[in-house]
Structures are given as C-alpha cells and as structure tokens.
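Hi,

Here's the structure I said I'd pass along. Have a look, and my notes follow below.

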Amino acid sequence: MIRVLIVDDEELVRSGLRLILEAAGDIAVAGEARDGAEAVSAVRRLRPEVVLMDVRMPGMDGLTAAARLMSGPDAPKLIMLTTFDLDDYVHEALRLGAVGFLLKDTPPRELAAAVRTVAGGQAMLSPSVTKRLLAAYVDRAPSRAEAARRQLAQLTGREEDVIRALARGLSNAEIGRELRLTEATVKAHVSRVLAKLGLANRVQAAILVHDADLG
C-alpha cells in the first residue's frame, strides 16, 4: 500500500481526495492536515511516502511547508495541488523539490495514477498538462538561461542527450529505446547527470533544460 498524506485547508477537498484515493485499492490515506505546519508535523509522525499538498493555505502555506519537508532527511515525494492561476507558486514548488503538481479538478483515475507514478520514483512529467505548465512557468530571462547553459556545458554529449529526453517527460525505458541504450544504462546516466549538476530529481533537471531554452 502507498501511504499518502493529504494537506488542504478545505475539509470538503480533503474528504473528496480521501474517497478517491482509498477507492484505488492500493493507496492508503495515512492522515490529513489543514495547513503547512500540521503537514510538517504529520510527515514526521506518520512517514507517508507521498504528500498531496495545496499551495495556498492560511497560516503556513504549501511553499513554506515544502521547503521544510524537502530540506529534511527521508523527504517524502511531494505533489502540489494547484489551479491554473498560480504560475509563480508552481514554478517555485518545483524548484524546491516537488516532483510534480496536480490541478484540483484532475479526474480520479489520473489522480491515483499520479500517486503511483510518484511513489514509484518517477517525476510527473508525462501528463500533457504538466509539460504545458512547466514550459509556461519557467522564467527564461537571459541571465538565467546563460547560467543554465554554463551548468549544462559540463555534461558529455550522451549525458546531454539523456537530459534533453528526460526534460520531454520520457521514462528511462522510452529514453533507452530512443537512444538505443539499455534501461540500466539510462538509469546510470540519469543518476550521474543529477549528481554532476547537483540536482535533487528529474523535475529539477527538466527545469534546468527549459531555463537553458534547450527543451
């Protein structure tokens, strides 16, 4: 069972998410929290694998809570709940280490599938909405683009191929088929690229490619 913590200040939203997730069969709701402070405490106490967290909440908001959660040891996989009008919030959440985000009107089947994807170690880059929002939300200011290109310049040609494919939302298996590499080789490349660039996960790698305007 995948243990999930639901964080939202609206009880109706929490109840709806609980019903959807528990109906999936392989997902258990470990607990609920009404704001960021409760979320930080609940994560320490309950040790969920995945946290579904609203961005805007009274008291400690989702971004502040995300920063605290992702800076600690054994951080959970973090999915932010948002709406289309929160561009800057989404971008910042991804930079803090969130592995993706969901719109609050995500269909039940997609919600459960997203939790499974994240729990399995994959970033949420495959859904078309995620890729569209990533592309729209990344600030491509000249100074940031140049800094990103300098950072990527330390990669080998093959590593650059891998990170470009990763930024398009491809899984390790899909990258392997495209580049004619075994999945194990792709996994090794991804791990080496993240370590070389000092990145925490695949989402941050994708943002770096978009910053460099190479995606």
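Let me start with E159, which counts as buried at 3% relative accessibility (buried is under 20% relative accessible area, exposed over 50%, partly exposed in between, with a 1.4 Å probe and protein chains only). Before you read on: this is a predicted model, where local features need pLDDT of at least 70 and side-chain atom pairs count only at pLDDT 80 or more, while totals for chains, interfaces and linings use all residues. Residues are numbered from 1 along each chain as its sequence is written, and side-chain values use heavy atoms, with hydrogens and water left out.

Back to E159: K196 forms a salt bridge with it, with the closest N and O atoms 2.8 Å apart (a salt bridge being a side-chain nitrogen of Lys or Arg within 4 Å of a carboxyl oxygen of Asp or Glu). K196 sits in helix 10 (residues 183-197) and E159 in helix 8 (residues 157-167), so the pair ties together parts that are 37 residues apart in sequence. Helices here are DSSP runs (H or I, at least four residues), numbered from the N terminus.

The search of the whole structure turned up 12 salt bridges. Two others I looked at:

- R18 and E22 meet through their side chains at 3.0 Å, N to O. Both lie in helix 1 (residues 11-22), four residues apart, about one turn of the helix. R18 is partly exposed at 26%, and E22 is partly exposed at 40%.
- R150 and E146 form a salt bridge at 3.9 Å, N to O. Both are in helix 7 (residues 142-152), again four residues apart, about one turn of the helix. R150 is exposed at 56%, while E146 is partly exposed at 37%.

Helix 8 also has some packing to show. How does it sit against helix 11 (residues 202-211)? The two pack at an angle of about 100°, with their axes 8 Å apart (axes are lines fitted to C-alpha atoms, for helices over the stretch in contact, and angles run from 0 to 180 degrees between N-to-C directions). That makes helix 8 roughly perpendicular to helix 11, a label for angles of 65 to 115 degrees.

On the helix 8 side, I163, L166 and A167 meet R202, A205, A206, V209 and H210 of helix 11, where contact means heavy atoms within 4.5 Å. Those residues divide into six nonpolar, one polar and one charged (Ala, Val, Leu, Ile, Met, Phe, Trp, Tyr, Cys and Pro count as nonpolar, Asp, Glu, Lys and Arg as charged, and the others, Gly among them, as polar).

Cheers

How values were computed
Angles under 35 degrees count as roughly parallel, over 145 as roughly antiparallel, 65 to 115 as roughly perpendicular and the rest as oblique.
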